[in-house]
Amino acid sequence: MKIAILGKPFDEETVPFLQALLDDLVARGTEVIIVESFRTYLDNRLRLPESIGTFRRGDSLRDVQFVFSIGGDGTLLDTVTYVGALQIPILGINTGRLGFLATITVERIAQAIDALFKGHFVVEERSLIRVETDPEVFDGINFGLNEFSILKRDTSSMIVVHTYIDGEYLNSYWADGLIVATPTGSTGYSLSCGGPVMLPQTNNFIIAPVCPHNLNVRPLIVSDRSVISFEIEGRSNNFLLSLDSRSVAVDAGIQIAVRRENFAVRLVKLNHVNFLTTLRSKLNWGLDKRNPAGILL
């Protein structure tokens, strides 16, 4: 088996768990490669086996069976951009804070590795959003797992986002911005703007305004088979486009459209973890002392 690892800096107490992870993989005869920037960080913190290799963005991961994301949800979102259309299953190990996508705690790493090698897991597919702009602004990595956002810059006045679905006019949003979220992204930025929570298998997008100036504007659910296009105007000539954790400033007049990407992300889930248990444990969904004591949050 060949496994690729991406990660971000972590706390000192995490060191023994990650050392045990690498030692366990090598002991099982696994070929391990680590993204170059994370490998440099690990060199001064762990005892890295000599057999471990490195890779950079753009290197082919075609012969990799699993990718480990070590960090928080932001790290996993970045990992998605490395995997892309290869759709290699991703295991998220949480050394960050909330860990809504990266659900494996460091205390459960050994159990997770054992389950992985025994085949005691499921692979859950999550849809992606694809952004097409003219000119191109995301350097060819124009897909994301959570959401695409159009936002005003800094302290500038609100913007107007004229929005169309399959070429038909929907609305002009007077707001600080507009979000188009996937079902996975429904528990992120969209949720903080009043959007609904959607199950991962739902084939929809959420269109949610950010701080709208109209009391009669609410988040809207549309089919992810739709093409959603935008025209932006405002007193400023510059705006921000954000795709998951990547943001870029653009000029007025840019052409923008979003649609569902033609490939998906595949997330490794252990048998005891699913979206509903994560929803209850991470967001305290349905927390009520009247609920049965036997139902785990």
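# A walk through the model

Select R28 and F117 to begin: R28 lies over the face of F117, 4.7 Å from the ring centre. Keep in mind as you click around that this is a predicted model. Now jump to R57 and Y82, where you'll find another arrangement of this kind, with R57 over the face of Y82 at 4.0 Å from the ring centre.

**Rings meeting rings**

Next up, aromatic rings. How many aromatic pairs does the count come to? It comes to 9. Take F38 and Y41: this pair is stacked, because the ring centres are 6.2 Å apart and the planes sit at 15°. Are they buried or exposed? F38 is buried, with a relative accessible area of 2%, and Y41 counts as buried too, at 17%.

Now select F100 and F275. Their rings form an edge-to-face pair, 6.1 Å centre to centre, with 75° between the planes. This pair links distant parts of the chain, since the two residues are 175 apart: F100 is in the loop between strand 5 (90–94) and strand 6 (104–105), while F275 is in helix 6 (residues 275–283). Colour by accessibility if your viewer can do that: F100 is buried at 8%, and F275 is buried at 7%.

Time to look at the backbone. Most residues other than glycine have a negative phi, and most peptide bonds are trans. Here are some spots that go the other way.

Select D134 and P135: the peptide bond joining them is cis, with omega about 10°. P135 itself is in the loop between strand 8 (129–134) and strand 9 (143–144).

Move on to D244. It isn't a glycine, yet its phi is positive, about 55°. You'll find D244 in the loop between strand 17 (238–243) and strand 18 (246–251). Is D244 buried or exposed? It's buried, with a relative accessible area of 9%.

C211 also has a positive phi, about 50°, without being a glycine. Look for C211 in the loop between strand 14 (204–210) and strand 15 (220–223). At 54% relative accessibility, C211 counts as exposed.

**Two cysteines**

Which cysteine sulfur is closest to the one in C193? It's the sulfur of C211, 6.6 Å away, which is too far for a bond. A disulfide needs the sulfurs within 2.5 Å, and a search of the whole structure finds 0 disulfides. As for C193, its relative accessibility of 21% makes it partly exposed.

**Last stop: E261**

Finish with E261, in the loop between strand 19 (255–260) and strand 20 (265–270). Is this residue buried or exposed? E261 counts as buried, at 6% relative accessibility. Which residues does E261 touch, not counting those up to four places away in sequence? Show L128, I129, R130 and F143 around E261, and you have the answer.

Methods:
Residues are numbered from 1 along each chain as its sequence is written. This is a predicted model: local features need pLDDT of at least 70, side-chain atom pairs count only at pLDDT 80 or more; totals for chains, interfaces and linings use all residues. Side-chain values use heavy atoms; hydrogens and water are left out. Helices (H or I, at least four residues) and strands (E, at least two) are DSSP runs, numbered from the N terminus. Buried means under 20% relative accessible area, exposed over 50%, partly exposed in between (1.4 Å probe, protein chains only). Contact means heavy atoms within 4.5 Å. Rings of Phe, Tyr and Trp (its six-membered ring) pair if their centres lie within 6.5 Å; planes under 30 degrees apart count as stacked, over 60 as edge-to-face and the rest as tilted. A charge sits over a ring if NZ of Lys or CZ of Arg is within 6 Å of the ring centre and within 35 degrees of the ring normal.
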